[in-house]
Amino acid sequence: MISGAIAGVANCLVTIPAEHSRIRMQIQSQENPVYKGSVDCMRKITAEYGIKGLFKGGVSTIFRDAIGYAGFFGMYAYSS
């Protein structure tokens, strides 16, 4: 289970910035878009807030994935 939790946290290092940019692009105005694409969105977030801006709000994602992967790995090991 511990290895599953560690895998969940490692997964978040990649997925949090991608999810953050995806969400920002989804909530932007259709008439006057701020971002042209995912890479543009990440660049603008980094320019305004620094690298930490890409991981803003990521703590809940880390908890969700750590618990989820720990459960998945634990149930897989139990069933094998």
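I began just after α2, where Gly50 takes a positive phi of about 85°. The model is predicted, with local features needing pLDDT of at least 70 and side-chain atom pairs counting only at pLDDT 80 or more, while totals for chains, interfaces and linings use all residues. Residues are numbered from 1 along each chain as its sequence is written, and side-chain values use heavy atoms, with hydrogens and water left out.

I then looked up α2 itself, a helix of 12 residues covering 38-49; helices are DSSP runs (H or I, at least four residues) numbered from the N terminus. From first C-alpha to last, α2 reaches 16 Å, close to the 16 Å expected (1.5 Å times one less than its number of residues).

Next I turned to His20, which I found in helix α1, residues 2-27. I noted a relative accessible area of 12% for His20, so this residue is buried (under 20%; exposed is over 50% and partly exposed in between, with a 1.4 Å probe and protein chains only). Leaving aside residues up to four places away in sequence, His20 touches Ile45, Gly53, Leu54 and Lys56 (heavy atoms within 4.5 Å).

I also checked Lys56 against Tyr49: Lys56 lies over the face of that ring, 5.6 Å from the ring centre (NZ of Lys or CZ of Arg within 6 Å of the centre and within 35 degrees of the ring normal).

Finally, I searched for aromatic pairs (Phe, Tyr or six-membered Trp ring centres within 6.5 Å; planes under 30 degrees apart stacked, over 60 edge-to-face, the rest tilted) and counted 1. The ring centres of Phe72 and Phe73 are 6.1 Å apart with planes at 65°, so I recorded the pair as edge-to-face. Phe72 is exposed at 56% relative accessibility, whereas Phe73 is partly exposed at 32%.

Notes. Helices (H or I, at least four residues) and strands (E, at least two) are DSSP runs, numbered from the N terminus.
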